[in-house]
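Please open the model in your viewer and keep the sequence beside it, so that each stop of this tour can be selected in turn.

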Amino acid sequence: MKNAMCMLALAVACAGCFSSGYNVRMESSPVRVVRPVSVKAMRDAILKGAANRDWGMKSEKEGCLTLVLNVRGGKHSVVVDVPYTGEEFSVKYVESVNLDYESSTGRIRGKYVQWVRNLKQEILIEAGKIR
């Protein structure tokens with residue numbers, strides 16, 4: 001009986017480690033750049049970083065870019081808003097195709113998180129190049 005309880009506890013603990021999705025709400029926290037830049041320079045850094053990872057601009061309004069990533073010929077796609085200032089930016093989920101997004105929980109396939117983390121990293125690299 002004791003062994004069965006230990007196995008059950010271990011199974012429950014490991015279930016979270018191998019979950020099939022991530023919460024998109026967790027990924028939308030603001031990212032601060034090391035050195036503040038102009039708003040125009042931040043916009044340019046976002047666009048360059050996005051292009052480096054094959055994201056395209058879908059639309060733009062003051063202080064916010066809407067980006068789209070199409071993967072495998074459009075079989076999978078994701079749209080995000082990237083609000084920004086000269087000091088920080090964030091990436092906020094808008095919509096996706098074939099990524100198993102659950103609106104009630106905010107859960108989505110892990111590839112989304114990988115793509116967004118890569119996007120953030122590229123933006124930070126580009127913002128760091130600004131003098």
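What follows is a tour of a nonpolar core and of two further residues.

This is a predicted model, in which local features need pLDDT of at least 70 and side-chain atom pairs count only at pLDDT 80 or more, whereas totals for chains, interfaces and linings use all residues. Residues are numbered from 1 along each chain as its sequence is written, and side-chain values use heavy atoms, with hydrogens and water left out.

Begin with I46, W55, L67, V78, V80, F89 and Y112, which touch the most other members among the 30 residues of the largest nonpolar core (a set of buried Ala, Val, Leu, Ile, Met, Phe, Trp, Tyr and Cys residues joined through side-chain atoms within 4.5 Å). Next colour α2 (39-52), β4 (64-71), β5 (76-83) and α3 (110-128), the elements that each give two or more residues to this core; helices (H or I, at least four residues) and strands (E, at least two) are DSSP runs numbered from the N terminus. Helix α3 supplies the largest share, 7 residues.

Now select W55, which, leaving aside neighbours within four places in sequence, is in contact (heavy atoms within 4.5 Å) with A50, L67, V68, L69, V78, V80, W115 and L119.

Move along helix α3 to E126, which is buried at a relative accessible area of 11% (buried means under 20%, exposed over 50%, partly exposed in between, with a 1.4 Å probe and protein chains only). Beyond residues up to four places away in sequence, E126 touches A45, K48, G49 and N52.

Finish at S90, in the loop between β6 (88-89) and β7 (92-97), where S90 counts as buried at 6% relative accessibility. Not counting residues up to four places away in sequence, S90 touches S28, S29, P30, D81, V82 and P83.
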